[in-house]
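Trainee: I would like to take a close look at the contact between the two chains of this model. Please set it in the context of the fold as a whole.

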Number of protein chains: 2
Amino acid sequence: MSYKCIYNGTILTMNEDRHIIEKGAIIIRDREIIEIGDCKELLSKYHDCEMIDGKGGIIMPGFINGHCHVSMSLFRTLGEDVPDRLRKYIFPLEENIVDEKLVRVGAKLSMAEMILGGVTTFVDMYYYEDEVAKVTKEMGMRAILGESVLNKKTPDSHKPYGGIDYSINFIEKWKKDDLIIPAIGPHATYTNDGEHLLKIKDIAHKYDVPILMHLSEMDFEIERFKNEYGKTPIEYLDSIGFLCEKLIGAHCVYTTDNDMEILKKNRVSVIHNVGANAKSARPIAPIHRMLKKDISVGIGTDGPMSGNHQDIISVMHQYTKFQKVREGDRSIASALSAVELGTIRGAKAIGLDKIIGSIEVGKRADIIIIDTNTPNMLPLYDYYAGIVYGAYASNVTMTMVNGKVLMKDRKLLTTELSHIYDEVSQMKDIILNMIKS
Amino acid sequence: MSYKCIYNGTILTMNEDRHIIEKGAIIIRDREIIEIGDCKELLSKYHDCEMIDGKGGIIMPGFINGHCHVSMSLFRTLGEDVPDRLRKYIFPLEENIVDEKLVRVGAKLSMAEMILGGVTTFVDMYYYEDEVAKVTKEMGMRAILGESVLNKKTPDSHKPYGGIDYSINFIEKWKKDDLIIPAIGPHATYTNDGEHLLKIKDIAHKYDVPILMHLSEMDFEIERFKNEYGKTPIEYLDSIGFLCEKLIGAHCVYTTDNDMEILKKNRVSVIHNVGANAKSARPIAPIHRMLKKDISVGIGTDGPMSGNHQDIISVMHQYTKFQKVREGDRSIASALSAVELGTIRGAKAIGLDKIIGSIEVGKRADIIIIDTNTPNMLPLYDYYAGIVYGAYASNVTMTMVNGKVLMKDRKLLTTELSHIYDEVSQMKDIILNMIKS
């Protein structure tokens, strides 16, 4: 048995009472949290643990990135600040250039960034998702991974809806993994028809896996469903019986009051990607209102071509400010509510709150340490505000997933950054050549 | 004579052509940039320089923080997410607790944070500004500093408008300093009457110093001028003849089209503090429109109680996203425009573009290096986008002001962080005791 002890820090448990333990410690056996309490007490009770010094910082649950496309890191800063980027830039680029190697290298780069920023779990949908899964295992992260399904040729399928067969194989391969939860990822309402969506829903129920989908994100999507059906995309999906508690819908920026009632009725989760949405000049999703209606919400970075940053601290920060401005009320979207979205609510939104999202006995040890002894974090009267309004991803000094330390003192322990940089550099040259030709 | 050479990096000059020099070098003699060019060429021409290795990163002008209250760092994370924070929380707190020591300690903490984040020049208005000036000298930064003037008792004046006399002494004391530009700071339209504002304007013209003022920031400010004069605050200031090119107006969030015309006509500069304004749920200033009208604009953090972060990378990032959402257009408020606001346009807005804001021969050597060999910055197809959408303040690895290196490899060279932390900790206890009693 392997025991670890994280000590000498303030524990933000994010449990139901949002209990904060100053001068606390956590005992971890293998992958599980087995005791939480006063530092002195636990240090005198447990011996022969591997000791992890919190150095007076904040000890808290790892962040949950509810929506991303990790492999797109290799396209970051290409075609910035241009209109209709998805159809004019991203789709053509992907069609020509995405292969297994690009997916692996991009995924690795993103996971390095996420681990350094305290993200312990992420939800991904892209192509060649099996490669993403392999890299996730290598890096030691926890993830929900879904192959994208589209009504057209994709990088890894010559026929439309080829992602469905890929998904079935992928799900069967990874279903029993301890850290990877396979899913199925119909790309969006405008790239999947009703018939195939229902087929996907059947598969998700047969295998008991989540459905990942972009939802109510695009202006042309709203326009099209209005013209074709006189409905919002969410009303349409409800009318065909697609919506269910397995659906994790990303974005939902055009959500109407009626849409919110539908989402709630069907127990659909929403992932808010404010950093990416704002960069695309989209409306800001009514997250404060969704939370008041008790809709399950998490937050995500979206792909690094859209959101660039891949850390959840930055997303929490943007969530508070955009909601406050949206509603004209500085007292809403508090720092605490942001940390909830980045941890326990995010875990609930992706169906994992029984095992992660808070520091509680019996849960998996997905834990991070934030250094508070830095000019941007001092003084610290309010831990949540300190994190959300003042911290940078670089203030995270330890990241543990499933009881395993993946990063300590800003050094990644499961990979060599220099190898990643070499591979990224090679891929960059390939991408630049392809664009030029 | 002391020569320095910054080499081995990509230089974003931010000169009029926005020239970018890959594999460039900069030669600095004492405080001045004397040559800029190809790395190999300059290395063969100059010997016996102190060498500063850019390590393949970005070499660019230091950032300009156009509006802040550095000493308020000691109040950071107090009373977050509460309504009417200024009048219910900040003013009473300041009245009871602000003294010379608090001003010094808070200023030092903020300057440490700014130097670590690549800020080389800041504009400050607060109380005991002479203490801020002394700390600024000690830390080696460049600053425009203005004592606040209010129509009421303040921490350093028992009588209303005591800041005016303080300002005259302060200006006379610092007028000839190489790094500090004294100014006068009428706090706001709602804390200064017209008569005193005109007196302040006379002083500013007599001594040839800038006027720093909060402008069109508060909902109650707009309401009051509408009720009393049927005017906006900016229309009122125009009507009494207060506006002039010496005025640097912070915030301007409620600016109307007519206000913009007035600002332009009078050559008033605007400092945009989006991070602080958004956290206060205020409207987002129409900066894109101001820039189209050729109004001089810079960006700032505001005080660390309002904006928390004291780095300009974070403000540039928020500027782009809030403007894109405000105008519903992802192609505006580009990454380049953000870097312009953080450097050369910021310098122009505070009247210092003749000596700083770009890397040009003859200008002062206020230069930073940004490390690009980090997971969040790779790959880098577009330098401006990489900085604005992807960088953290912690990616800055060298900060030079007036030819002097203030930070290298994340280590501050002009102060001991541990001393600052000790002082901050003592002040925190004092503040907590005062709040409790």
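Trainee: How many residues of chain B are in contact with chain A, and how many residues does chain A contribute in return?

Mentor: The model is predicted, so local features are described only at pLDDT of at least 70 and side-chain atom pairs only at pLDDT 80 or more, while totals for chains, interfaces and linings use all residues. Residues are numbered from 1 along each chain as its sequence is written, and chains are lettered from A and ligands numbered from 1 in the order in which they are written.

The contact involves 46 residues of chain B and 46 residues of chain A, where contact requires C-beta atoms, placed from the backbone, to lie within 7 Å. On the side of chain B that touches chain A, two or more residues each come from α3 (100-116), α10 (274-279), α12 (312-327), α15 (383-390) and α16 (417-436) of chain B; helices (H or I, at least four residues) and strands (E, at least two) are DSSP runs numbered from the N terminus. By class, this side of chain B holds 23 nonpolar, 12 polar and 11 charged residues (Ala, Val, Leu, Ile, Met, Phe, Trp, Tyr, Cys and Pro are nonpolar; Asp, Glu, Lys and Arg are charged; the others, Gly among them, are polar).

The symmetry of the pair bears on this contact. Chain B is superposed on chain A by a rotation of 180° with 0.0 Å of shift along its axis, at an RMSD of 0.0 Å (least squares on C-alpha atoms with pLDDT of at least 70 in both copies). This is the relation of a two-fold axis. Because 100% of the interface residues of chain B are also interface residues in chain A, the copies meet through the same surface.

Of its 437 residues, 60% count as buried (20 or more other C-beta atoms within 10 Å; exposed means 12 or fewer, partly exposed in between; C-beta atoms are placed from the backbone).

Chain A is divided into domain 1 (3-61 + 365-402) and domain 2 (65-349), with bounds from an automatic or database domain assignment. The C-alpha centres of these two domains of chain A lie 29 Å apart. Their contact takes 18 residues from domain 1 and 22 residues from domain 2 of chain A. On the domain 1 side, α15 (383-390) and β14 of chain A each give two or more residues, and α15(A) gives the most, with 5 residues. That side of domain 1 of chain A divides into 13 nonpolar, 2 polar and 3 charged residues.

An open sheet of 8 strands in chain A has the order β3-β2-β1-β4-β13-β14-β15-β16, with mixed pairing; strands pair if DSSP finds at least two bridges between them. In chain A, β3 (32-38) and β16 (411-412) stand at the edges with a single partner strand each, so one side of each lacks a neighbour in the sheet. Strand β14 (residues 396-401) of chain A runs antiparallel to β15 (residues 404-408) of chain A, joined by 4 bridges; M398(A) has K408(A) as its bridge partner.

Within strand β4 (residues 50-61) of chain A lies G56(A), which is partly exposed, with 13 other C-beta atoms within 10 Å. Although G56(A) and T372(A) are 316 residues apart in sequence, their C-alpha atoms are 7.4 Å apart.

Terms used. Two residues are in contact if their C-beta atoms, placed from the backbone, lie within 7 Å.
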